[in-house]
Amino acid sequence: MLGADAVEAIKARLSTYLSVFEKADAEAYADQFVFPAAIWANGTWTGVPDRRACLELVRGYHSQVKDIGAVRGQILEMTVIELLPRVAVNQLRYQRIDSDGRPVENVRANYLMLEQGGEWRIATIAGESTPA
């Protein structure tokens, strides 16, 4: 079973992932993954073979989020489920917020997390978003 330290590390990794995304820090965003990775976003599957591909992908995602007026986010719910030793899913409900503090998008996603070398990283994201 996952211990409290592992659950906290998984949640911290995802909190960092969300924070660096909001700051448009592509390099730090890519640091959150283990490669190869994959992302299922709103019905589109994208393989992310390496860091370079991740950097290109996140720049596009960040542009899309800016286009809807989101400037920050708020975690509504985060649940960690162990699948196997060193493998877990972090289920997330998240809201993107505009500069006036209004929700503009609801996000529901599952992050497949792997522990390698003592660190938890994201291997796969399966998520969808809807207007708030």
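**Strand pairing, turns and salt bridges in the predicted model**

Strand β1 (residues 33–41) and strand β6 (residues 119–131) run parallel and are joined by 5 bridges, with Ile39 of β1 having Ile125 as its bridge partner in β6. These pairings are read from a predicted model, in which the protein chain averages a pLDDT of 96 and 100% of the residues score at least 70. Among the elements of the chain, the lowest mean pLDDT, 93, belongs to helix α3 (residues 51–67), whereas the highest, 98, belongs to strand β4 (residues 87–98).

Asn42, placed in the loop between β1 and β2, counts as partly exposed at 46% relative accessibility. Strand β1 also contains Pro36, and the peptide bond that leads from Phe35 to Pro36 is cis, with omega near 0°.

Strands β3 and β4 pair over 12 bridges in the antiparallel sense, and Ala70 has Asp98 as its bridge partner in β4. The hairpin that these two strands form has 2 residues between them, and Arg86 takes a positive phi near 70° there. Strand β4 is in turn joined by 11 bridges to strand β5 (residues 103–116), again running antiparallel, with Ile97 and Pro103 as bridge partners. In the hairpin of β4 and β5, 4 residues lie between the strands, and Gly101 in the turn has a positive phi of about 85°. Of the 12 residues of β4, 10 are buried, so this strand is largely enclosed by the rest of the structure.

The buried residues of α1 are Ala6, Ile10, Arg13, Leu14, Tyr17, Leu18, Val20 and Phe21. One of these, Arg13, is linked with Glu119 and Arg121 in a network of salt bridges. Just after α1, Ala24 takes a positive phi of about 60°; Ala24 is placed in the loop between α1 and α2 (26–30) and is partly exposed, with a relative accessible area of 44%.

A search of the whole structure finds 10 salt bridges. Among them, Glu27 and Arg51 form a pair in which the closest N and O atoms are 2.8 Å apart. Because Glu27 lies in helix α2 and Arg51 in helix α3, this pair ties together parts that are 24 residues apart in sequence. Both partners are partly exposed, Glu27 with a relative accessible area of 40% and Arg51 at 29% relative accessibility.

A further salt bridge joins Arg52 to Glu56, with the closest N and O atoms 3.5 Å apart. Both of these residues lie in helix α3, where they are 4 residues apart, about one turn of the helix. Arg52 counts as exposed at 59% relative accessibility.

The side chains of Arg102 and Asp100 also meet in a salt bridge, with a distance of 3.2 Å from N to O. Arg102 counts as partly exposed at 48% relative accessibility, whereas Asp100, with a relative accessible area of 57%, is exposed.

Notes: Residues are numbered from 1 along each chain as its sequence is written. This is a predicted model: local features need pLDDT of at least 70, side-chain atom pairs count only at pLDDT 80 or more; totals for chains, interfaces and linings use all residues. Side-chain values use heavy atoms; hydrogens and water are left out. pLDDT is the predictor's confidence in each residue, from 0 to 100. Two strands pair if DSSP finds at least two bridges between them. Buried means under 20% relative accessible area, exposed over 50%, partly exposed in between (1.4 Å probe, protein chains only). A salt bridge is a side-chain nitrogen of Lys or Arg within 4 Å of a carboxyl oxygen of Asp or Glu.
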